[in-house]
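Biologist: I would like to learn how to read packed helices and a strand in a model. Please take me through some cases.

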Amino acid sequence: MSCTLIEHGYVVPVSTNTVIEDGAVAFEGSRIIYVGSSAGFDRQRHKPDRVIDARGRAVLPGLVNTHTHLVGAYMKGLTEDVGGGGDAVGLYKFGFPVVCSLRPEDFYSGCMTHALEMLMTGTTTISNTWMHENRVGPVFRDLGVRGVLSEWIVGTDLLKLSARNMERPWNPTEVERRLEAAQELYETWHGKADGRITTRISPAGPGYLSAEGIEKSRDLAIKQGVGINIHIAEVPGETEFVMKRYGKRPMELGRELGILTPQTIGFHCVYLSDSDIDIMVETGMNLSHTAFHTPKRGYFPPMDKAYAKGVSVSFGSDWCSNDLWKFMRAGIEIPRVMTGDVGIVTAYDALRTATLGGARALGMENEIGSLEVGKKADIILVDMTTPWCRPIRLQNFITNLVFNANGSDVTDVFVDGHQVVAGREVKTVDQHAVMRECQERAERVWSKVLGG
Ligand SMILES: [Zn+2]
């Protein structure tokens, strides 16, 4: 089995809050066999076929994004500056109309563009949710990223939604179609590409899907033995709708329907009462915190309370911006502004959330999320020779890294032991051709839906 040695870097294992100066990581096949000092690696015993000099660079586990809609590439820039009093008006006015008008052949280059952004900025595991997920499988396969696919089980017309609309005509036929698609997705993609690709089930939240539809989705997840994703307590108007319809809050309804478990990831979870947070802790569900996304719309979860009570937190990008370095910083700074407490989330906490937090949420904590012997070789190298990261003091290395390095400083990326980015160039697909095609398709979609 071929052995790769990455040496002379600043190794940040993340499993502990430490940095190994002049550190090394080695892997054989897809598994890490060594994490320690460069001098301590036994070259006689392992005989590396390939040696990478990581001098001046940080060596980290790949980042984990627990919630995205790759197809949202076509929404880039459309909704972020659209006001409307924090009621997500841009999403309903421009976002859904654009993504709902895409042709099947638009998916590949759009999804690949968002996935390229993630991979090139250091995300090695992407958990995606949208309708027609079978169109996304080839993107993960071709790019070489670790991918989680989940069919979005939606039971109402997205184009008729708004924060103030309290009517939801449910469409059971559409739910059945989506459930069938979810089963087909599982059969086609679960465990494929050397196990890099897996699937989950994504019942849309109680604002998009009837209680019956959520229960059917839950049953399918149990049958397949996979985890559940759910948009919950996500947008303005959802709590009001659920209260009107069921006489309880979204989290209360979710608990009653049996979909909140340690295998569940709740997306966004913004509108949380104290008792909602208690439910999250009691059920052991995980929060995908979209820290750089929801502030664009003027809202943010009460993270001080979520952290204080011990909610399991990971980062999700949702769409439009998918560089998790932005999410780490927003995830640190916004709660500080909201509470005045600078100690509430540290750089190390944010880095742990972006790696081990995501691994734990996806049930992959024994495989990814940190640099440890026996784990998968999902590894990124980050340039620390830039003026924005210099000078370096070892004792404050992680703080410097998280506050000052950018996604574009990621130079090399390994997934499952394969090098997929080298010197900032993607090795698996032609990134320039993908972006050219995406641009052409976006222009067609935008002129059709938004006008000139
Ligand atoms: Zn979402």
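Biologist: Which hand does the crossing of H5 and H6 have?

Modeller: The model is predicted. In it, H5 and H6 cross in a right-handed way. On the H5 side the contact is made by Val 175, Leu 179, Ala 182, Gln 183 and Tyr 186, and on the H6 side by Gly 213, Lys 216, Ser 217, Leu 220 and Gln 224. Five of these contact residues are nonpolar, four polar and one charged.

Biologist: How is such a pair described?

Modeller: Two packed helices are described by the angle between their axes and the distance between those axes. For H5 (residues 172–189) and H6 (residues 211–224), the axes cross at roughly 15° and come within 11 Å. Angles under 35 degrees count as roughly parallel, so H5 and H6 are roughly parallel to each other.

Biologist: At what angle do H3 and H14 pack?

Modeller: H3 (residues 107–120) and H14 (residues 431–450) pack at about 130°, their axes 8 Å apart. H3 is therefore oblique to H14. Their crossing is left-handed. Among the residues that meet are Met 112 and Leu 116 in H3 and Val 434 and Arg 441 in H14.

Biologist: Now the strand. Are the faces of E10 covered or open?

Modeller: In a regular strand, side chains alternate between the two faces of the sheet. In E10 (residues 228–232), five of the five residues are buried. Ile 228, Ile 230 and Ile 232 lie on one side, with Asn 229 and His 231 on the other, and both faces are covered.

Biologist: Which strand is E10 joined to?

Modeller: Five bridges join E10 to E11 (residues 264–268), and the two run parallel. Ile 232 stands opposite His 268 in E11.

Terms used. Residues numbered from 1 in each chain as written. Predicted model: local features only at pLDDT ≥ 70, side-chain atom pairs only at ≥ 80, totals over all residues. Axes fitted to C-alpha atoms, helices over the stretch in contact; angles between N-to-C directions. Helix = DSSP H or I, 4+ residues; strand = E, 2+ residues; numbered from the N terminus. Parallel < 35°, antiparallel > 145°, perpendicular 65-115°, else oblique. Left-handed = near helix turned anticlockwise from the far one by under 90°. Contact = placed C-beta atoms within 7 Å. Nonpolar A, V, L, I, M, F, W, Y, C, P; charged D, E, K, R; others polar. Buried ≥ 20, exposed ≤ 12 C-beta atoms within 10 Å, placed from the backbone. Pairing = 2+ DSSP bridges.
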